[in-house]
Amino acid sequence: MNLSLTTRILPAGQGAVAAAATCLAQGGLVAFPTETVYGLGADAASPDAIARLYQAKGRPAFNPLIAHVGDLAAARRIAGFDAAALALAESFWPGPLTLVLPKTSDCIVADLATAGLDTVAVRIPAHPLAREILRAFGGPVVAPSANLSGHVSPTTAAHVQSDLEGRIDLIVDGGAVAVGVESTIVGCFEEPMLLRPGGLPREQIERVLGRALRQPPADAESDSGQPLAPGMLASHYAPRTPVRLNAVSVEPGEALLAFGPRTLPGAEAALVAMNLSARSNLTEAAANLFGYLRSLDTTNARAIAVMPVPDEGLGEAINDRLRRAAVGRE
Ligand code: TXA
Ligand code: MG
């Protein structure tokens, strides 16, 4: 693959939307903001474009992609909805929810994008730029987070640029995203299952379903022997610096990722300190999480000491990403 592409960077606007749609139609790779994180888009119906996408990210091709569509009618052309799936779609789309559903018989999403599974992950994003690009392009767009595989997801165009410049065709800069963690993924199987906690808190989904979401078993596999949520392999979202969770003090040479108004013993000696939310607000903490991890990763700290974050609401997704960041990279 040619890894010395010229990556164009365009500010949000009509010109950028038209350029993005044209680029996608030509099999190009376009990074654009969604409300959760920046996505790296490719034409979902083009195996060539998708092969380039896996290469640009360094992503294993057994890890399937989310198809982004503009409206429910487009979603129903590629995926089958049961009553629970419809209720969730009507309550939360557009928004930070991805549904894993059976593919329709004439689903145009390429097999390469679904890793040969008979299911497809679908989402209608809420970000106005993402929606305009989808409308202008006119078909489903697969979009993983626009980072190198295994790295922290991007919440600004600058993050995308630092991971993917020279590897993709276009970055549409729509500023910092609002949510800051990826979408919540629900598998609409016999019983709806939480495959990935994310930007839509579990409690809201359970309220609409009128029951608890099932948890996938730790080593969950589909009938074909593939992992049920293939992207949920342990080390993911990882900065290069070791991450130490549930810190109750700061050791010399460490950077501090704080949460809430408390001060930890040793904090005054931290190499750098950033607070996800001094007022203990989980929405603010989610929006800051990946940017702060990227910043603290550039400080040459021995480790990043992370204060505990409550596990309710968006805290479930924050703690999930922090646990993955703490799993050492091989
Ligand atoms: O917020 C988001 O979801 C962002 C934005 C760009 O939309 N996208 C994103 O994509 O996080 P990605 O590729 O980083 O994560 C997609 C996850 C992976 O863990 C993948 O394994 C899972 O979705 N997935 C995709 N298709 C699936 C399927 N058919 N069954 C189970 N899991 C699937
Ligand atoms: Mg990702």
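Modeller: Two strands pair if DSSP finds at least two bridges between them; strands (E, at least two residues) and helices (H or I, at least four) are DSSP runs numbered from the N terminus. This is a predicted model, in which local features need pLDDT of at least 70, side-chain atom pairs count only at pLDDT 80 or more, and totals for chains, interfaces and linings use all residues; side-chain values use heavy atoms, without hydrogens or water. Residues are numbered from 1 along each chain as written, and chains are lettered from A and ligands numbered from 1 in written order.

I begin with the sheets. One open sheet has 4 strands with parallel pairing, in the order β11-β14-β12-β13. Its edges are formed by β11 (243-244) and β13 (273-275), each of which pairs on one side only. Within this sheet, β13 runs parallel to β12 (residues 255-258), and the two share 3 bridges. One residue pair can be named there: L256 has A273 of β13 as its bridge partner.

A second open sheet is built from 10 strands and shows mixed pairing, with the order β1-β8-β2-β3-β7-β4-β6-β5-β9-β10. Here the edge positions fall to β1 and β10, again with pairing on one side only. Strands β5 (residues 97-102) and β9 (residues 184-187) are joined by 4 bridges in the parallel sense.

I turn now to the domains. Domain 1 spans residues 8-209 and domain 2 spans 243-326, with bounds from an automatic or database domain assignment. Taken over C-alpha atoms, the centres of domain 1 and domain 2 lie 28 Å apart. Contact (heavy atoms within 4.5 Å) involves 24 residues of domain 1 and 13 residues of domain 2. The two domains bury about 1400 Å² between them, of which 55% is on carbon and sulfur atoms; buried area is the accessible area (1.4 Å probe) lost by two parts on being put together, summed over both. On the side of domain 1, the residues that lose the most area to domain 2 are V152, V181 and P197, which together account for 35% of what that side buries.

Charged pairs are also present at this interface. There are 3 salt bridges across it, each a side-chain nitrogen of Lys or Arg within 4 Å of a carboxyl oxygen of Asp or Glu. R202 and E316 form a salt bridge in which the closest N and O atoms are 2.8 Å apart. On the side of domain 1 that touches domain 2, at least two residues each come from α6 (157-164), β10 (193-196) and α7 (202-209). Of the elements on that side, α6 gives the most, with 3 residues.

The whole structure contains 13 salt bridges. In one of them, the side chains of R52 and D169 meet with an N to O distance of 3.5 Å. This pair links distant parts of the chain, 117 residues apart: R52 belongs to helix α2 (residues 47-57), while D169 sits in the loop between α6 and β8 (170-173).

Apart from neighbours within four places in sequence, L5 contacts R52, G166, R167, I168 and D169. The C-alpha atoms of L5 and G166 are 4.5 Å apart, although 161 residues separate the two along the chain.
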